[in-house]
Amino acid sequence: MKKNKILGHPRMQRSSTAAKPHVFLRSRSMRGALRCALYARALFGMSFVAHLRKCSGRNLRFLSENVSGIQMLDSRLKRAGMTFFLSLLIFSQTIFAGTVTGKANFSGTAPQMEKISMAADPVCSSLHPEPVSEETVLVNNNGTLKNVFVYVKEGLEGKTFPAPTTLVTINQSGCQYHPHVFGIQVGQPLELINSDSTLHNVHSLAEQSKSFNLGMPLQGMKLTKKFENPEIMVKFKCDVHPWMNAYIGVLTHPYYNVSGDEGTFEIKDLPAGDYVIEAWHEKYGTQTQNITVTEDTPAQIEFTFAG
Ligand SMILES: [Cu+2]
């Protein structure tokens, strides 16, 4: 084996003796190991962090037919300097993060949802020539369950996440809340909108944060509220229209999602680690599962709620 002239690094060596050219990328220097891990990621789609560790070890071998790709990367890296990539390493959380994907299944017979009578308010009933159904249990066509709130319950202790400034919106439209189930972070602004030309009031039944009861008599009216503490789940109701309710998962972190029309959910950019994931449903309660998240492969989970 000869020293690698392409990379010009004594501990990064290439051999052309194998059936496929294989590239040895390892280094005992921090700079070399970083470069090695970057190659591994860029050329082979491998995990940066996992290979940073491996690249610092002995006898590492990556098989590759893409030697010209390495040449190109190497010259680019030299030009750009390691500072840029070190910055990436330090500031990019996503490099260290993984994804949880999954599905909320439903088994049994889907209960028939009652049609809502909005006759008490002519404005509401006029908005629905065809009556709408209650939203307590929504079973999708593919046998999955909608409006399951899925979130990281344990595993993030000691970590803090700043409250996003982006607005989360709940709209009172057609005398229903949209969305019916959603998540928000502690301290994140929640915009309440009344899109109807009738009186609604948003009555928050929060137990961990200040509850409120806000009349919103005018169409187009907007208010903004925040929650001070986490809570699974905060219920909203409208005292004028007793069929109106919504559920809000309030968390100290951004790792949550709600199952939609396909019953699927996805929690992105979760730091690698062990977690307890909880799935909450308005009628069927909660379930938990333990998972391990790595930056290599998405963790997959399925919950099944029985009707
Ligand atoms: Cu209302």
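**Entry 1: the whole chain**

I began by reminding myself that this is a predicted model. The average pLDDT of the protein is 82, and 69% of the residues reach at least 70. I then listed the secondary structure and got five helices and 19 strands. Of the 307 residues in the protein, 30% are buried. I also checked the contacts with a separation of 6 or more: 63% of them link residues 24 or more positions apart.

**Entry 2**

I marked two stretches to read with care. Over residues 1–26 the pLDDT stays under 50, and the model has 60 contacts beyond four places in sequence for them. Residues 57–65 also stay under 50, with 22 such contacts.

**Entry 2: a five-stranded sheet**

Next I traced an open sheet of five strands, ordered β8-β14-β13-β10-β11, and noted that its pairing is mixed. Which strands stand at its edges? They are β8 and β11 (212–216); each has a single partner strand, so one side of each has no neighbour in the sheet. From one strand to the next, the twist averages 25°.

I followed the pairing around β14 on both sides. β8 and β14 (residues 245–251) run parallel and are joined by five bridges; in this pair Gln 185 stands opposite Leu 251. β13 (residues 231–237) is also joined to β14 by five bridges, but these two run antiparallel. There I found Glu 231 with Val 250 as its bridge partner.

Is β8 covered or open, I wondered? Strand β8 (residues 181–185) turned out to be mostly covered, with five of its five residues buried. Val 181, Gly 183 and Gln 185 point one way, while Phe 182 and Ile 184 point the other way.

**Entry 3: the nonpolar core**

I went looking for the largest nonpolar core and found one of 45 residues. Val 148, Phe 149, Val 150, Ile 248 and Ile 267 have the most contacts inside it. β14 gives the most to this core, with five residues.

What does Ile 248 touch, not counting residues up to four places away in sequence? My list reads Phe 182, Ile 184, Met 233, Val 234 and Phe 236.

**Entry 4: a four-stranded sheet**

Then I moved to another open sheet, where four strands follow the order β15-β5-β17-β18 with antiparallel pairing. β15 (256–258) and β18 (285–293) are the edge strands, each pairing on one side only. On average, neighbouring strands here are turned by 30° against each other, direction ignored.

Strand β5 (residues 149–154) runs antiparallel to β17 (residues 273–281), and five bridges join them. Glu 154 has Val 276 in β17 as its bridge partner.

**Entry 5: a loop residue, Ser 197**

Last, I visited Ser 197, which lies in the loop between β9 (190–194) and β10 (200–204). Why is Ser 197 classed as exposed? Ser 197 has 12 other C-beta atoms within 10 Å, and a residue counts as exposed because 12 or fewer are found there.

Leaving aside neighbours within four places in sequence, Ser 197 is in contact with Val 123 and Gln 219. I also computed the spacing to Pro 217, 20 residues apart from Ser 197 along the chain: their C-alpha atoms are separated by 7.8 Å.

Terms used:
Residues are numbered from 1 along each chain as its sequence is written. This is a predicted model: local features need pLDDT of at least 70, side-chain atom pairs count only at pLDDT 80 or more; totals for chains, interfaces and linings use all residues. Two strands pair if DSSP finds at least two bridges between them. Axes are lines fitted to C-alpha atoms, for helices over the stretch in contact, and angles run from 0 to 180 degrees between N-to-C directions. A residue is buried if 20 or more other C-beta atoms lie within 10 Å of its own, exposed if 12 or fewer, and partly exposed in between; C-beta atoms are placed from the backbone. A nonpolar core is a set of buried Ala, Val, Leu, Ile, Met, Phe, Trp, Tyr and Cys residues joined through C-beta atoms within 7 Å. Two residues are in contact if their C-beta atoms, placed from the backbone, lie within 7 Å. pLDDT is the predictor's confidence in each residue, from 0 to 100.
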